[in-house]
Amino acid sequence: MPTTRRTLILALLLVATGSLIFTTGAAVIDGDADTVADGDLAVQPADGPNGQYAYLNDDDEIAIDISASNPNIRDPSFEGINVHSTATIDDVFTVTYTADEYAHVWIEYASENVTFVADGDSIEGEANNVTLAPDETVTVGLALDTRGKAAGTQLGADEFSIEAKIAEPDEVGGTGASTQGTGGGPVITTTAPSDDRREFAASEIDRGDTVRFEADGMHLDGENVTLDRLDLEGVRNESVEVNATGSPEPFEDGEALEAPPTPRPLAYLAVEHDFEPDAVDAMTLRFSADPDYLNATDTDPEDVTIYRQTDAGDWEEKPVDVVDDDVVRIMGLPEDRVHFRATTDLSSTFAVAAHAPRFDVTETSLNPQAIDPGEAATVRATVENGGGAAGERTVTLTANGDPVANETVALAPNETATVALSTAFEAAGEYDLAVAGTDAETAAGTLLVGDPADGDGTGNEADAEAGTGSGTDESADGGVGDEPPDGSGAGPTEEPSGIDLVDLGGLLALVALAAAGVALYRRAPRS
């Protein structure tokens with residue numbers, strides 16, 4: 001049967017923002033171009049078939065349009081990009097440096113779904129710049145990730161900008177300077193007093209800008225968990241200052257993470273700032289973890305989350321995304337770490353945490369409650385996973401503290417299951433049964449095995465042989481025919497009460513019958 005092609009429209013508009021004034025060079029650009037940085041950067045559609053996705057609009061600005069609205073695309077069946085996929089479109093447009101000095105060139109763009117690349121590597125952000133010599137050209141393409149997007153929607157933001165700064169001829173692969181930014185964006189200064197602290201400052205911020213602070217692996221819990229970048233989005237101040245501090249434990253005078261469903265804290269982050277919280281729209285935290293550390297702590301990356309502490313002192317969970325491996329590669333992030341991204345309201349304290357399973361026994365039943373030696377009894381236990389992550393746990397039945405049966409159960413969060421734990425008991429006695437292996441041991445009841453008071457010796461003898469149980473044969477002490485404690489072998493003596501032996505024998509028989517009657521009464525309702 002025919003299939004319907006599901007497509008996604010991508011429309012991007014380049015807003016040219018010059019960054020530095022360069023001395024005009026003598027490079028000759030064939031054809032029309034969008035000029036940036038006072039004419040020192042020329043942006044044009046690339047030669048080749050993918051260059052059709054780029055064109056100069058009526059304002060002589062480069063536009064990238066991968067949809068049916070693109071005037072270069074004559075195919076009426078073309079609708080856009082397929083959803084639920086990843087793809088790379090090489091050689092879409094070019095950037096040529098026309099001045100006579102070396103320049104670092106990069107693109108600023110805020111999107112998780114579209115990344116600008118050159119030779120397969122991201123050129124977004126100053127850290128990923130390309131260094132161009134006079135008259136040199138870089139060809140730029142797009143890496144796309146449409147997973148999770150709905151057909152017919154626009155992918156990414158509308159605008160991106162090209163940034164540049166003068167570089168020395170021997171500088172390649174980024175400046176590595178502690179002060180970044182130019183006349184085309186905020187001037188950012190980063191200071192690192194220690195491995196677990198960063199002091200950020202930004203100035204010359206245009207209203208509504210996004211300010212990116214590179215933390216460069218600031219320790220939250222050593223190298224196990226690190227802060228890599230902190231972004232302030234929609235900044236309305238001309239300048240801001242932010243100090244960030246990490247710790248594997250709660251901060252002094254701070255509170256430990258306590259929130260349902262009992263997440264396990266991995267590290268803490270303190271953020272100090274010199275502006276009111278409503279001066280920014282949101283804050284995005286990019287952090288990463290050592291995969292060996294995650295494995296050693298049995299932490300699934302999908303279970304990692306982040307909490308912010310509210311002004312009232314409560315812990316509020318914020319969604320965390322695991323950065324896809326393809327995006328990690330495209331953005332040039334270290335591929336030997338697991339990367340995360342979380343957007344949150346501003347706060348002074350955050351906790352990186354992991355959801356963990358929490359198994360509890362909510363109900364138990366013992367059936368039967370009394371058995372003969374060699375028979376089996378069954379404890380049914382309802383087990384619930386009240387934690388925030390799926391897990392597997394071995395549930396154990398204990399008798400007088402000793403394990404006698406177990407069952408392994410796997411549960412998703414908020415899922416319950418009933419397990420049946422059965423075992424036979426050979427020795428007569430009373431056994432206190434409990435279910436262990438959950439976060440707390442839960443009593444299941446007392447099981448009576450055999451008849452500890454039947455006078456035939458099976459109770460104590462079997463119990464002593466098994467080494468378990470608390471039942472005793474109450475008729476054993478002082479019974480007929482018992483040897484005196486001193487071993488003299490002397491027969492019974494007359495009691496001071498004057499009851500003769502015949503009467504005493506009748507009384508003992510009566511007691512024995514009464515004891516047997518009690519035993520039958522206790523067992524009858526449990527059989």
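I looked up Asp360 and found it partly exposed, at 25% relative accessibility. Its partner in a salt bridge is Arg358, with 3.2 Å between the closest N and O atoms, and Arg358 likewise counts as partly exposed, at 26%. I keep in mind that this is a predicted model.

I then turned to Glu126 and Lys165, whose side chains meet in a salt bridge at 3.3 Å, N to O. Glu126 sits in the loop between strand S11 (121–122) and strand S12 (130–132), whereas Lys165 belongs to strand S14 (residues 159–167), so this pair ties together parts lying 39 residues apart in sequence. I noted Glu126 as buried, with a relative accessible area of 9%, and Lys165 as buried too, at 14%.

Next I checked Arg341, which forms a salt bridge with Glu112, the closest N and O atoms being 2.8 Å apart. This pair links distant parts of the chain, 229 residues apart: Arg341 is in strand S26 (residues 338–344), and Glu112 is in the loop between strand S9 (102–108) and strand S10 (114–118). Is Arg341 buried or exposed? I found a relative accessibility of 19% for Arg341, and because buried means under 20%, Arg341 counts as buried. Glu112, by contrast, is partly exposed, with a relative accessible area of 28%.

I also recorded that Glu112 and Arg341 belong, together with Arg286, to a network of salt bridges. For the model as a whole I wrote down a count of 12 salt bridges.

Methods
Residues are numbered from 1 along each chain as its sequence is written. This is a predicted model: local features need pLDDT of at least 70, side-chain atom pairs count only at pLDDT 80 or more; totals for chains, interfaces and linings use all residues. Side-chain values use heavy atoms; hydrogens and water are left out. A salt bridge is a side-chain nitrogen of Lys or Arg within 4 Å of a carboxyl oxygen of Asp or Glu. Helices (H or I, at least four residues) and strands (E, at least two) are DSSP runs, numbered from the N terminus. Buried means under 20% relative accessible area, exposed over 50%, partly exposed in between (1.4 Å probe, protein chains only).
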